[in-house]
Amino acid sequence: MPDAVVIGAGPNGLVAANLLADAGWSVRVLEEQPEPGGAVRHDRGVDPGFVNDVFSSFYPLAAASPVLAALRLGDHGLRWSHAPSVLAHPLTDDRCALLDRDLDVTADSLDSFAEGDGAAWRRLHELWRRLSPDLLDALFTPFPPVRATARLALRLRAAGGLRTARSLMLPVRRMGEEEFGGEGGRLLLAGNALHADLAPETAGSGGFGWLMAMLGQTYGFPVPVGGSGALTESLARRLRSRGGHLVCGRRVERILVRGGRAVGVRTADEVVAARRAVLADVSVPALYGELVPAEHLPAQIMADLRRFQWDFATFKTDWALDGPVPWRAEQARRAGTVHLADGTDELTRFAAQIALREVPDRPFLLFGQMTTADPTRSPHGTESAWAYTHVPHDIRSDAGAEGITGRWDDTDRERMADRVERQVERFAPGFRGLIRARRVLAPPDLQTLDANLFGGAVNGGTTALHQQLVLRPVPGTGRPETPVKGLFLASAGAHPGGGVHGAPGANAARAALHRARSPALADLQRLLTRRDRTGAVP
């Protein structure tokens, strides 16, 4: 009998398992898919000569994460690679905003849009330099991050106090208008905000766009050499070196609860008992009511789940290209990530169409040039590339003329992939002539490959303020402990949310270890924070 069973071998599950193994626990990880990694995997499924990341690709949060740094994954084979520049946002008039790890290069790019915008970017970077140590500490440590928040409050006060807090709470459109005279800086902020499901008019999107942009400025958007799965391989290799067991192709059907405590799991083939804890790297709706029957949960949790909001659905296209992408804007040729929308207004239009449950007719694309970022991904002179965009979960109509229905049958898939390619052609004429092969991954495909990605939602739930901190995943939670003793939420559904950084898994492992060391104290904390089945706090 292992001390702990971890459900799911995504990055958070593997981080949790590693930390438990480091503490001397015996750990068994059960993964539904035939290989580990969750949304951090690569393959050669587009063309045998090309490596394509199946889901995620660029990892600024991993580069900044103290959780992953402490695991010393370089000792287990992980190597990072960078494109010459981090990110480009070209426009159809051939202007291009460029984010580069060299601050002078970024500033010069923005000055080409409006004199003085380079200095404005430097001011935002100086704010980041002053706040980032405690901001990242607060982001990656268990909630509530009391010490980090106290230090951050002092730094924030010295950096402008309420005025700075106001700026970071702004919608990214308004923040960009206040900070920059030209379109370049505004695009770098707004495009980065839409890495999540934050429209330009959403409160707090300014702060998120600033965070992502400054991560890129400081750490770049690095990629694992050889494919995204190399990150997974290093985590799995480290776990095995510490005696952990990883079993793939084993779907957990039920978490076993006795006397209000998680005591193990059941698969189709066996029951696996857990001596101390069960950690679940699964989506919140899958955990509550599916893996754990409602009879073991407070009624308020089940009621709150009806208000749980997923982030946008995702549609992804992978390509094997016979040559580099022929961007009209020269700066885009050196960037690993390229954002494609013809201005902030087009970003707003895109987000508004999703809000209206329409398939966008001019989709905002995040485009990855993987061979530019890591030359091992494809033969010399070629490019391994992908683009993803967002669509509504529940589609009412198509804003374009092709009649995409949201059934995501072969016709829908091909029509949407063609629309994506036409959007690329607006900025890179001749792109379609370079396509050797392509693969289309519609929302149901992404969910089939990783059950946590419900409808292709990649962040474990919305990034909007109403589902963050103590409100994540539902009001009154915010920590990995669950209403079931010995069961801990270890997925992106928990604070601090999506992105590959390992914090939800690390927080769950620390909570499990704390509970094992101090059961009386943990029971008292549970008593003080638990809501009964009617939602009242005792």
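Where is S228 found? S228 sits in the loop between β8 (223-224) and α11 (229-241). This is a predicted model, in which local features need pLDDT of at least 70, side-chain atom pairs count only at pLDDT 80 or more, and totals for chains, interfaces and linings use all residues. Residues are numbered from 1 along each chain as its sequence is written, and side-chain values use heavy atoms, with hydrogens and water left out. Helices (H or I, at least four residues) and strands (E, at least two) are DSSP runs, numbered from the N terminus.

- Buried means under 20% relative accessible area, exposed means over 50%, and partly exposed lies in between (1.4 Å probe, protein chains only).
- Leaving aside neighbours within four places in sequence, S228 is in contact with V40, R41, H42, D53, S56, Y59 and R377. Contact means heavy atoms within 4.5 Å.

**Nonpolar cores**
- The largest nonpolar core has 53 residues. A nonpolar core is a set of buried Ala, Val, Leu, Ile, Met, Phe, Trp, Tyr and Cys residues joined through side-chain atoms within 4.5 Å.
- W121, L189, W210 and L215 have the most contacts inside this largest core.
- Helix α5 (residues 117-140) gives this core its largest share, eight residues.
- A second, separate core has 36 residues, including A17, L20, L231 and A277.
- Residues up to four places away in sequence aside, W121 touches L99, L103, T106, L110, F180, G185, L188, L189, A213, M214 and Q217.

- Helix α4 (residues 103-111) has T106, A107, S109 and L110 buried.
- Seen down the axis of α4, its buried residues fall within an arc of 160°, so they line one face of the helix. The arc is that of the directions from the helix axis to the C-beta atoms.
- The cover over the buried residues of α4 includes β7 (96-99), α5, α9 (183-193) and α10 (205-219).
- F208 lies in helix α10. F208 touches N192, A193, A196, L198 and T463, not counting residues up to four places away in sequence.
- F208 and L170 are 38 residues apart along the chain, and their C-alpha atoms are separated by 9.8 Å.

**The parallel sheet**
- Five strands form an open sheet in the order β9-β2-β1-β13-β21, with parallel pairing. Two strands pair if DSSP finds at least two bridges between them.
- The edge strands, β9 (245-248) and β21 (487-489), each pair on one side only.
- Neighbouring strands of this sheet are turned by 20° against each other on average, direction ignored. Axes are lines fitted to C-alpha atoms, for helices over the stretch in contact, and angles run from 0 to 180 degrees between N-to-C directions.
- Strands β1 (residues 4-7) and β2 (residues 27-31) run parallel and are joined by four bridges. V5 has R28 as its bridge partner in β2.
- Helix α18 (residues 503-517) packs on the sheet and touches β13 (277-280) and β21. The direction of α18 makes about 155° with that of β21.

**Aromatic pairs**
- The whole structure holds 13 aromatic pairs. Rings of Phe, Tyr and Trp (its six-membered ring) pair if their centres lie within 6.5 Å; planes under 30 degrees apart count as stacked, over 60 as edge-to-face and the rest as tilted.
- F350 and F364 form an edge-to-face pair, 6.0 Å centre to centre with 70° between the planes.
- F350 lies in helix α14 (residues 344-355) and F364 in the loop between β16 (358-359) and β17 (365-369), so the pair ties together parts that are 14 residues apart in sequence.
- F350 counts as buried at 1% relative accessibility, and F364 counts as buried at 1%.
- W386 and Y388 form a stacked pair, 5.7 Å centre to centre with 15° between the planes. Both W386 and Y388 are buried.
- W319, W327, F367 and F431 are linked into a cluster by ring pairs.

**Backbone details**
- The peptide bond from R472 to P473 is cis, with omega near 5°. P473 lies in the loop between α17 (443-449) and β21.
- The peptide bond from H495 to P496 is cis, with omega near 5°. P496 is in the loop between β21 and α18.
- R72, a residue other than glycine, has a positive phi near 50°. R72 is in the loop between α3 (66-71) and β5 (80-81), and is exposed with a relative accessible area of 55%.
- D94 is not a glycine, yet has a positive phi of about 80°. D94 is in the loop between β6 (85-90) and β7, and is partly exposed with a relative accessible area of 38%.
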